[in-house]
Amino acid sequence: NPTNQGFAKTCNTGLMMANGDAILLNNDTEVQDGWLEALQYCAYSSEDIGIVGPKLLYPSGLIQFGGGFRNFNAPKWFDHSYRMRPSDYGPANIAKDVLTVTGACMYIKREVINKIGVLDPGYPMAFEDVDYCLRARKAGYRVRYCPESVLTHHESLTRGKVQGKRELESARYFWEKWENWFDNRSVTTTDG
């Protein structure tokens, strides 16, 4: 793009140009050998897997991301599993279904893009990836964490606790769309 369009709009340009599966990949990442093959293998290990994300490490080697979840202590925000654990932390090395993966590196099957479209451009900054994963889940796809795919992400270790205007606007927009789904859904199985 000739000008900065923001994360969602920029990614959407690529998603619309891609002919097959697509990968969202931040420009502040360093990939490790086999990262792409691991994501592809995981994506095609089951027909209903639609989105896959890798293990992300900080430059120090500590884990930055191992799947996303709603933050228990700040329920209007999401957090990363295994944050600040050593890269060889046992539970972080088990593939699993997750609520969300981060847009810093997200493998998306073409059929998901064809079915649910591109990222919602209504997010000024943040929550686009969470929204996309939730939309895929609602469409019947699984979102999967693949620890065999490893990247280093040069995001700062601490973003700070104060969110800027664009991030707060994204949070407001997200919860307008998803609050009922999160807060009114049944979280028990049919047998209780």
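## Charges over rings

Lys-109 lies over the face of Tyr-44, at 4.5 Å from the ring centre. A charge sits over a ring if NZ of Lys or CZ of Arg is within 6 Å of the ring centre and within 35 degrees of the ring normal. Trp-181 also has a charge over its ring: the charged end of Arg-185 is 4.4 Å from the centre.

This is a predicted model, in which local features need pLDDT of at least 70 and side-chain atom pairs count only at pLDDT 80 or more, while totals for chains, interfaces and linings use all residues. Residues are numbered from 1 along each chain as its sequence is written, and side-chain values use heavy atoms, with hydrogens and water left out.

## Aromatic pairs

A pair of aromatic rings is described by the distance of the centres and the angle of the planes. Rings of Phe, Tyr and Trp (its six-membered ring) pair if their centres lie within 6.5 Å; planes under 30 degrees apart count as stacked, over 60 as edge-to-face and the rest as tilted. By this rule the model has 15 aromatic pairs. In one of them, the rings of Trp-175 and Phe-182 have centres 5.3 Å apart and planes at 55°, so this pair is tilted. The rings of Trp-181 and Phe-182 have centres 4.8 Å apart and planes at 85°, so that pair is edge-to-face.

Ring pairs join Trp-77, Phe-78, Phe-127, Phe-174, Trp-175, Trp-178, Trp-181 and Phe-182 into a cluster. Trp-175 and Phe-182 are both buried, where buried means under 20% relative accessible area, exposed over 50% and partly exposed in between (1.4 Å probe, protein chains only). Phe-182 has a relative accessibility of 7%. Trp-181 is partly exposed, with a relative accessible area of 23%.

## Packing of α4 and α5

Two packed helices are described by the angle between their axes and the distance between the axes. Helix α4 covers residues 128-138 and helix α5 covers residues 165-184. Helices (H or I, at least four residues) and strands (E, at least two) are DSSP runs, numbered from the N terminus. The two helices α4 and α5 pack at an angle of about 40°, with their axes 12 Å apart. That angle makes α4 oblique to α5. Axes are lines fitted to C-alpha atoms, for helices over the stretch in contact, and angles run from 0 to 180 degrees between N-to-C directions. Angles under 35 degrees count as roughly parallel, over 145 as roughly antiparallel, 65 to 115 as roughly perpendicular and the rest as oblique. The crossing of α4 and α5 is left-handed, meaning that the near helix is turned anticlockwise from the far one by less than a right angle (right-handed if clockwise).

Which residues meet between α4 and α5? On the α4 side they are Val-130, Asp-131, Leu-134, Arg-135 and Lys-138, and on the α5 side Phe-174, Lys-177, Trp-178, Trp-181 and Phe-182. Contact means heavy atoms within 4.5 Å. Asp-131, in helix α4, is buried, with a relative accessible area of 0%. Leaving out residues up to four places away in sequence, Asp-131 touches Asp-120, Tyr-123, Phe-174, Lys-177 and Trp-178.

## Positive phi angles

Most residues other than glycine have a negative phi, and most peptide bonds are trans. Tyr-82 is not a glycine, yet has a positive phi of about 70°. Tyr-82 is in the loop between β6 (78-80) and β7 (96-97) and is buried, at 18% relative accessible area.

Ala-126 is not a glycine either, and has a positive phi of about 95°. The place of Ala-126 is the loop between α3 (110-116) and α4, and the residue is buried, with a relative accessible area of 18%.

Asn-12 is in helix α1 (residues 7-17). Is Asn-12 buried or exposed? Asn-12 is buried, with a relative accessible area of 6%. Apart from neighbours within four places in sequence, Asn-12 is in contact with Val-118, Leu-119 and Pro-121. Thr-13, also in helix α1, is partly exposed at 29% relative accessibility.

Gly-117 lies in the loop between α3 and α4 and is partly exposed, at 22% relative accessibility. Not counting residues up to four places away in sequence, Gly-117 touches Val-112, Tyr-132 and Arg-135. Gly-117 and Asn-73 are 44 residues apart in sequence and 32 Å apart in space, C-alpha to C-alpha.
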